[in-house]
Amino acid sequence: MQKPLLFSPLTLRSVTAPNRAVVSPMVQYRATDGLVNDYHLVHLGKFALGKFGIVFTENCAVEPRGRVTQGDLGMWDDGQIEGHKRLVRFLKQEGSLAATQITHSGRKGSTPRSFDKPGQLGPEGAGWQKWQVVGPSELAAADGFMVPRQLDHADIDDLLKKFGEAARRADAAGYDVIEIHGAHGYLLAQFLSPVSNKRNDQYGGDRAGRMRFPLAAARAVRENWPAHKPMFIRVSAVDGAGDGGWGVDDTVAFAKELKALGVDVIDVSSGGLTGVSTALPVKRSLGFQVPFSAAVKRQAEISTMAVGLILDGPQAEAILQAGDADLIAIGRQALYDPFWTVHAAQELGCDSDFEMWTPEYGWWLDKRKNNLVGLKK
Ligand SMILES: Cc1cc2nc3c(=O)[nH]c(=O)nc-3n(C[C@H](O)[C@H](O)[C@H](O)COP(=O)(O)O)c2cc1C
């Protein structure tokens, strides 16, 4: 039997993912001062034990006000490198590539956690404070979001340096892959969309103007990220703001420019511009964003990662076989099943002997397999 594509290695620049299953970035709100702690090590470490080819950290802010909540991870200070290093060491020791996502929340910063009750801001007693958010224009994302202060040119130059510095820190920590978060209505997406970007300087106006800051941020990262390591960017293929917003054709044009400046993979998501990112105004069905990935891959001729309601091995394999994506990101299904990858291998019939599992588990599970034959509950 031919090996499923899901379990074929993928080499990007000089880095090889052992398989195509990726843990999607998922913020946990568990950091203090942006520092990696034991929670992050255990939370992400278990996905490496589960044999995901690439394990992404949550979004790590390039400056404190670029966090979504006060509990997000950071990449804004050299003092944060050590914690990342410990995490990276573990992920790589277990055979995964270590990947991080860097971000700026822009006007969607300084929010409660998704599960906070009305009026609650962060864990009880933690003393989380609001901060003034920034954005391309003085427009709030939606009711309940703060009106941002408009970034001036000095702010923009400073932010570009911060994206570059964050990339340098990610490399120092040992990450194999870096991704810029350009989706879900955060700062880069705010610049891209005509709905949130009403500037009349060189960073606004037509599509080329609105792409100028995101492209400059990507360039700053590429310049500070080693040439032998791959760089991804996550985009919202459609911004979710409806007619007059950012659409698939815009994304394809953006992807072509990104490719030219050295981006290797477009991670294709959608929505989030005008509200909370969990309320993406795109109809949800299994693999609902895969057609966006397919469009970007074919039209911009660049590798892509598909994400969004991809639940099992056969579904992931079908996406890869159809040539609709090169990598498969798993979000909530990985929370449900941290061993998603090795379970997918069994579903696809390529690991009946538990050989893909970490041997400390797999050897025992294979022995137990024989014990279970003929047993009924
Ligand atoms: C708890 C949680 C936190 C998330 N945090 C991030 C994040 O930090 N960065 C990001 O790009 N997407 C984030 N997302 C979106 C996921 O990466 C993913 O795109 C989304 O959940 C859809 O994929 P799924 O259906 O496999 O969960 C988050 C999703 C969840 C459930």
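How many of the five residues of strand β11 (residues 265-269) are buried? Five of the five are, so strand β11 is largely enclosed by the rest of the structure. The model described here is predicted.

**Strand β11 and its partner**

- Both faces of β11 are covered, with Val 265, Asp 267 and Ser 269 buried on one side and Ile 266 and Val 268 buried on the other.
- Strand β10 (residues 231-236) pairs with β11 in the parallel sense, over five bridges.
- Within this pairing, Ser 269 in β11 has Ser 236 opposite.

**Strand β4 and its partners**

- Strand β4 is also largely enclosed by the rest of the structure, because eight of its eight residues are buried.
- β4 and β3 are parallel and joined over two bridges, and Val 23 has Val 55 in β4 as its bridge partner.
- β4 and β6 run parallel as well, joined by six bridges, with Ala 61 opposite Thr 103 in β6.
- A further parallel pairing, over two bridges, links β4 to strand β5 (residues 73-74).
- In that pairing, Ala 61 has Gly 74 in β5 as its bridge partner.

**The largest nonpolar core**

- The largest nonpolar core has 94 residues, and those that touch the most other members are Val 22, Val 55, Val 221, Met 305, Ala 306 and Ile 328.
- Helix α5 (residues 207-224) contributes the most to this core, with seven residues.
- In soluble globular proteins, nonpolar side chains tend to be buried together.
- Beyond its neighbours within four places in sequence, Ile 328 has contacts that include Leu 6, Val 22, Ala 306, Ile 310 and Leu 320.
- Arg 20 is also among the contacts of Ile 328.

**The shell around the ligand**

- The ligand is surrounded by 20 residues, of which the closest are Ser 24, Met 26, Asn 59, Gly 331 and Arg 332.
- The residues of this shell comprise eight nonpolar, nine polar and three charged.
- Strand β4 (54-61) and helix α9 (332-336) each supply at least two residues of the shell.

- Trp 340, Thr 341, Val 342, Ala 344 and Ala 345 are buried in helix α10 (residues 340-347).
- The buried residues of α10 pack against β3, α8 (313-321), β13 (327-330) and α9.
- After α10 comes Gly 349, with a positive phi near 70 degrees.
- Helix α11 (residues 359-372) lies largely in the open, because the number buried among its 14 residues is zero.
- From its first C-alpha to its last, α11 reaches 19 Å, close to the 20 Å expected at 1.5 Å a residue.
- After α11 comes Gly 374, with a positive phi near 80 degrees.

**Positive phi in residues other than glycine**

- Asp 33 is in the loop between β3 (21-23) and α1 (38-49), and has a positive phi near 55 degrees although it is not a glycine.
- Asp 33 counts as exposed because 12 other C-beta atoms lie within 10 Å, and the cut-off for exposed is 12 or fewer.
- Ser 110 is in the loop between β6 (97-103) and β7 (134-135), and its phi is also positive, at about 55 degrees.
- Ser 110 counts as buried because it has 21 C-beta neighbours inside 10 Å, and the cut-off for buried is 20 or more.

**Buried residues in two other loops**

- Ala 325 sits in the loop between α8 and β13 and counts as buried, with 29 C-beta neighbours inside 10 Å.
- Ala 325 and Ala 294 are 31 residues apart in sequence, while their C-alpha atoms are 6.3 Å apart in space.
- Leaving aside neighbours within four places in sequence, the contacts of Ala 325 include Val 290, Lys 297, Met 305, Ala 306 and Ile 319.
- Asp 176 sits in the loop between α3 (153-173) and β9 (177-182) and counts as buried, with 25 C-beta neighbours inside 10 Å.
- Asp 176 and Met 231 are 55 residues apart in sequence and 9.0 Å apart in space, C-alpha to C-alpha.
- With neighbours within four places in sequence left aside, Asp 176 is in contact with Val 15, Leu 97, Ala 98, Ala 99 and Lys 229.

Note on methods
Residues numbered from 1 in each chain as written. Core = buried A, V, L, I, M, F, W, Y, C linked by C-beta atoms within 7 Å. Helix = DSSP H or I, 4+ residues; strand = E, 2+ residues; numbered from the N terminus. Contact = placed C-beta atoms within 7 Å. Near = placed C-beta within 6 Å. Nonpolar A, V, L, I, M, F, W, Y, C, P; charged D, E, K, R; others polar. Expected span 1.5 Å × (residues − 1). Pairing = 2+ DSSP bridges.
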